[in-house]
Structure formats: C-alpha cells, structure tokens
Amino acid sequence: MSQASDPAGYFAEQYNAIHDNVSGALTGKPDAIRLALTCFFAGGHLLVEDVPGVGKTTLAKSIAASIDADWHRIQFTPDLLPSDITGSTVYDQHSGEFSFRPGPTFAHLVLADEINRASPKTQSALLEVMEERQVTVDGRSYPVPVPFLVVATQNPVDLEGTYRLPEAQLDRFLLRISIGYPAVDDERDLLLGRSRTGTAARLTPVTTVEQIRWMIEYVQQVHVAEQIADYVARIAAATRADPRLQLGVSPRGSLALLRAAQSWAATDGRGYVVPDDVRAVAVAALAHRLLVRPQAEIEGVHPADILRDVLETVPVPVPEVAGRR
C-alpha cells in the first residue's frame with residue numbers, strides 16, 4: 001500500500017502501527033491513545049489532565065518513542081524560568097561573540113510535565129512557542145522543528161502550589177483528554193505481568209518524521225462537506241446560546257473541532273468527514289474552551305455535560321447528504 005495509490009489506506013496503516021506500538025506500554029486505553037494521535041496528526045497540542053499514576057507521562061513518552069524523532073521532557077517547577085525552556089543567548093569567550101543556545105522546546109515532541117506547577121510567566125513562554133512555532137530571543141526568531149507537538153500534563157486534584165491555566169491559554173490546546181483508571185481486568189493483568197509489560201523505554205520507532213509530516217498534510221486534505229461545516233457551526237452557536245455557559249465556543253474552537261474531526265476520520269481510513277467523527281471528538285476539542293456560570297457550577301454542571309446536551313439537540317446531517325464527495 002502506497003501514499004499515491006491509496007492515501008487513506010496508507011494513513012490508516014501507519015496510524016494502526018503507531019497505535020499498536022503505544023498500546024504496548026499503555027494497556028487498556030485505546031480511546032485515549034486514539035485521541036492523542038488524532039491531536040498529533042491534526043497538527044495540534046494536547047493537554048492530558050488526570051490524577052497521578054494513570055499513565056499521562058507514559059502516553060506522551062510512548063508516542064515519542066514510536067517515532068524516529070527528537071523529543072524532550074520538561075519537568076515544570078515553580079522556579080523554572082522562561083529561558084530554561086526556550087533557550088537563551090550566551091557569550092562565547094573563545095570567539096568573542098554571542099550565540100543562541102536552544103532550549104528543550106527545540107524538538108519534534110515536547111512533554112511539559114505538570115505544566116500548572118510553573119509560574120504564569122513560564123507557562124506563557126511555552127504557550128507562545130506553541131502558537132507561533134518559533135522562539136524570539138534578542139530580536140531574532142528561531143523556528144522550532146516541524147512537526148512540533150506539545151503534550152502537557154496537569155493534576156486537577158492536588159492544586160497546592162500550582163498556577164491554574166486561564167481560559168485563553170487552555171484555548172491553545174487542540175484537545176484535552178483524561179486517561180482514567182484502568183478496568184479491573186486490565187489492572188489485574190498489569191499486576192500479574194509486571195515484569196513482562198512493555199514500557200515506553202523499550203519501544204522502538206515504527207515510523208519516521210517524514211511520514212508524520214505527510215500524515216499531517218493529508219489530514220488537511222480530508223474532505224469536509226458543506227453540511228458538516230454547518231453542523232460544526234450550529235454546535236458552536238448552541239454553546240453560545242446556552243444559559244448555563246458564561247463563555248461559549250469561539251471560531252477558533254470551531255476550527256479545532258473540524259481539524260480534529262478530519263484527523264479522526266483519517267484514522268478510520270476515510271478521506272471524508274461524517275457527523276460521527278465530529279461527535280467523537282467534540283468533548284475533547286470543546287469542553288476546555290467553555291466557561292460555566294457560577295450558579296451552574298455550584299449545581300455540579302460540567303462543560304462536558306453541557307456539550308453532550310448540545311450534541312443531543314443539534315440536528316445531525318443526513319449521512320447521504322453529508323458523506324463522501
């Protein structure tokens with residue numbers, strides 16, 4: 001199977017190889033892995049929000065290990081400075097000149113572990129690189145490698161000594177996912193086969209940077225019918241009109257949902273988007289972009305619940321109309 005003769009099939013083949021490889025280190029979580037790879041192929045950044053010990057770092061490391069590419073891990077702490085992640089200009093005594101020393105953001109995949117542990121200034125430095133795809137130091141710009149993916153993790157429970165990401169910065173992440181606790185059977189197998197269970201460090205690459213670049217470009221070409229675009233727009237409009245929300249989905253959020261749906265369709269071996277693709281990624285793409293009103297929050301209403309209600313009320317396009325061109 002080749003890129004030219006069957007691009008959709010070739011994409012699915014590459015995706016399955018990466019998915020199976022990552023599953024060797026993170027068992028029992030196929031949906032989380034698929035969403036993470038969907039985000040990667042859409043050219044976006046991923047926020048993994050969950051309690052400690054469920055595999056957030058393992059997921060990011062496994063994706064990096066599955067690709068023959070450069071990757072760096074940054075452990076965010078309160079004393080971390082912006083220059084510690086972006087790089088800085090240093091003076092070379094031998095040459096008598098200043099030169100730029102790149103920071104760990106100069107990699108194809110960057111794992112930002114516990115991003116909410118760092119100060120807002122340091123968070124902003126990373127988020128600026130995520131948006132601009134370059135680092136500016138002393139008036140000079142230095143582009144980061146392509147592709148460039150940031151996988152950030154944060155613990156939503158232990159908030160002591162942390163700095164919450166504001167909504168404007170959360171909006172920079174294409175998807176936000178959680179991994180969740182394993183099922184009893186999966187955890188039992190993990191305990192019994194601990195010595196035989198694969199880890200991210202043991203994984204070997206199954207694809208190259210060049211193939212990943214092609215996959216990202218292919219996702220952008222996945223066909224979107226006018227009815228699908230209208231469906232996405234109606235979902236966004238419904239969130240803006242919901243009385244339980246103080247902040248609805250912005251046009252950037254609509255674009256993020258559509259990009260994620262294109263990528264999800266590609267992982268299914270299709271070159272066109274159907275309504276189920278939009279519904280499959282809607283919560284991961286939009287929930288972190290919504291702001292619930294205080295009264296609704298007191299009543300225990302969560303953005304994901306509101307989104308599910310919206311998906312139930314917005315009419316779904318007829319498959320024959322919204323499908324393949």
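Which side chains, Asp277 and which other, meet in a salt bridge at 2.7 Å, N to O? The partner of Asp277 is Arg270. A salt bridge here puts a side-chain nitrogen of Lys or Arg within 4 Å of a carboxyl oxygen of Asp or Glu. This is a predicted model: local features need pLDDT of at least 70, side-chain atom pairs count only at pLDDT 80 or more, and totals for chains, interfaces and linings use all residues. Residues are numbered from 1 along each chain as its sequence is written, and side-chain values use heavy atoms, with hydrogens and water left out.

**Salt bridges**

- The count by this rule is 15 salt bridges.
- Asp277 and Arg270 are both buried (under 20% relative accessible area; exposed is over 50%, partly exposed in between; 1.4 Å probe, protein chains only).
- Arg270 also forms a salt bridge with Asp268, with the closest N and O atoms 3.2 Å apart.
- Arg270 has a relative accessible area of 14%, whereas Asp268 is partly exposed at 45%.
- Shared partners join Asp171, Arg252 and Arg289 into one salt-bridge network.
- Arg289 lies in the loop between helix H11 (275-286) and S13, and Asp171 in the loop between H6 and strand S10 (175-177), so the pair links parts of the chain 118 residues apart (helices, H or I, at least four residues, and strands, E, at least two, are DSSP runs numbered from the N terminus).
- Arg289 and Asp171 are both buried.

**Nonpolar cores**

- A nonpolar core is a set of buried Ala, Val, Leu, Ile, Met, Phe, Trp, Tyr and Cys residues joined through side-chain atoms within 4.5 Å.
- The largest nonpolar core holds 73 residues, and Phe11, Phe41, Leu59, Ile63, Leu175, Ile177 and Val278 touch the most other members.
- Leaving out residues up to four places away in sequence, Ile177 touches residues including Leu35, Leu46, Val48, Glu49, Leu59 and Ala284 (contact: heavy atoms within 4.5 Å).
- Another core, of 27 residues, lies apart from it, with Leu80, Val129, Met130 and Phe173 among its members.

**Largest pocket**

- A pocket is an open set of points on a 1 Å grid over the protein atoms alone, where a 1.4 Å probe fits, with protein on both sides within 12 Å along at least five of seven lines; lining residues have an atom within 4 Å of a point.
- The largest pocket has a volume of about 640 Å³.
- Of its 24 lining residues, Glu49, Arg164, Arg176, Glu297 and Pro303 lie nearest the centre.
- Helix H6 (167-170), strand S13 (291-292) and helix H13 (303-313) each give two or more residues to the lining.

Methods:
Grid points are joined across faces, edges and corners, and a volume is the space filled by probe spheres set on the points.
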